[in-house]
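Reader: I would like to learn how to read a fold from its coordinates. Can we take the features one at a time?

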Amino acid sequence: MADRVRVRGVTIHRPIIYGNIATVLTPAERETSHYPDHTHRWTVAVRSAPSVPDSDIVGGADDLGYFIKRVTFKLHDTYPNPTRNIDKPPFEVSETGWGEFEIQIRITYVAESGEKATTLYHHLKLHPWSITFPMPNASAVPVEPEIPSPENAAKLGPVHSWQYDEIVFTDPFQNFLNLLTAHPPTPLPKTSANKKPVPFHSSNPASLEASLKGGVPEFTSAMEKEEADRMEEAKGKIIKEQEKWRAILIEKEKELERLQKLLTSKE
Ligand code: SLL
């Protein structure tokens, strides 16, 4: 069973996105629905990170079925059969509802991978970012989320909330490594075509700004670089802070020593 040998020192990753899109139900849809209190239609999904060029769908250029066996979405208990197992691509669940909640997403890999399942969490987002989220550099006081009227929300267009991530396999089995290398992921585009701004995510101020303009988000390799730059900048800030506090600590220790000496000399 040479296949069941782990290839030590090798890591291999696959870029994914997970998140949701949500749209406001039209008055006609609400009227014909079995659930008159439902206000939104949404889809939560796990997809490959690159998008199909010129499509309105976020991510999903590659079929992930070659290494993912099942994705389990655990919805809020107010839904019938809240645990939804999806055993083939597209790994997604579409529903209607009235409220936001946390969705547990469990990714199970094909049996031959020998890999443990991965659990992710996504906050289902129904209401536009621009209204519920304070802009960067605005006052740090949290803004009370204001839910727009259905008409205004419909005008703002679909709400997107997507997170980029990389599934990393360390020391994979030889056969699983062969399987992965036989399916190289489509590379992310360097930059986004005009109608596709950056994805919306609270940690990225540029995304937040783009979300105000609407449009279909797309993940790009330029964003990866921007994220790395932001991390470098944050690291620099932390090092400066550390140096500042180290200097303060040294000062205080000197002061302590001086006072202790003074105390002993008085005894
Ligand atoms: C909230 N903590 O209060 C959340 C719970 C639950 C959402 C949101 C409908 C379920 C159904 C639905 O949207 N539940 O009727 O099947 O905001």
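The dialogue below goes from the overall layout to sheets, loops and a cavity.

Author: First, the ground rules. This is a predicted model, where local features need pLDDT of at least 70, side-chain atom pairs count only at pLDDT 80 or more, and totals for chains, interfaces and linings use all residues. Residues are numbered from 1 along each chain as its sequence is written, and side-chain values use heavy atoms, with hydrogens and water left out.

Reader: How many helices and strands are there in the chain?

Author: Helices (H or I, at least four residues) and strands (E, at least two) are DSSP runs, numbered from the N terminus. Here the chain has six helices and eight strands. From the N terminus, the order is β-α-β-β-β-β-β-β-α-α-β-α-α-α.

Reader: What percentage of the residues in the chain is buried?

Author: Buried means under 20% relative accessible area, exposed over 50%, and partly exposed in between, with a 1.4 Å probe and protein chains only. Of the 267 residues in the chain, 34% are buried.

Reader: And contacts: what share joins residues at least 24 apart?

Author: A contact means heavy atoms within 4.5 Å. Take the contacts between residues at least 6 apart in sequence: 68% of them join residues at least 24 apart.

Reader: Now the sheets. How do strands pair?

Author: Strands of a sheet pair through backbone hydrogen bonds, either parallel or antiparallel. The rule used here is that two strands pair if DSSP finds at least two bridges between them.

Reader: How many bridges does the pair of strand 1 and strand 2 have?

Author: Nine bridges, in the antiparallel sense. Tyr18 stands opposite Val46 in strand 2.

Reader: What is the strand order 4-3-6-7?

Author: That is another open sheet of four strands, also with antiparallel pairing. Strand 4 and strand 7 (118–123) form its edges; each has a single partner strand, so one side of each lacks a neighbour in the sheet. Strand 3 and strand 4 run antiparallel and are joined by four bridges. Lys74 has Thr83 in strand 4 as its bridge partner.

Reader: How do I read the two faces of a strand?

Author: In a regular strand the side chains alternate between the two faces of the sheet. Strand 4 has Arg84 and Ile86 on its covered face, and Thr83 and Asn85 on the uncovered one.

Reader: On to backbone angles. Which residue has a positive phi of about 65 degrees?

Author: Asp54, although it is not a glycine. Asp54 sits in the loop between strand 2 (40–48) and strand 3 (68–74). Its relative accessible area is 73%, so Asp54 is exposed. Asn81 is not a glycine either, and has a positive phi of about 40 degrees. Asn81 belongs to the loop between strand 3 and strand 4. At a relative accessible area of 62%, Asn81 is exposed.

Reader: Where is a cis peptide bond?

Author: It joins Pro89 and Pro90, with omega about 0 degrees. Pro90 lies in the loop between strand 4 (83–86) and strand 5 (91–97).

Reader: Is Gly99 buried or exposed?

Author: Buried, at 15% relative accessibility. Gly99 is in the loop between strand 5 and strand 6 (102–109). Beyond its neighbours within four places in sequence, Gly99 contacts Leu124 and Leu126.

Reader: Last, how many cavities of 30 Å³ or more are there?

Author: A cavity is a set of points, on a 1 Å grid over the protein atoms alone, where a 1.4 Å probe fits but cannot get out; lining residues have an atom within 4 Å of a point. Grid points are joined across faces, edges and corners, and a volume is the space filled by probe spheres set on the points. The count is one cavity of 30 Å³ or more. The largest cavity has a volume of about 30 Å³. Its lining includes His40, Leu126 and Pro128. Strand 1 (residues 11–24) gives the largest share of that lining, three residues.

Methods
On a 1 Å grid over the protein atoms alone, a cavity is a set of points where a 1.4 Å probe fits but cannot get out, and a pocket is an open set with protein on both sides within 12 Å along at least five of seven lines; lining residues have an atom within 4 Å of a point.
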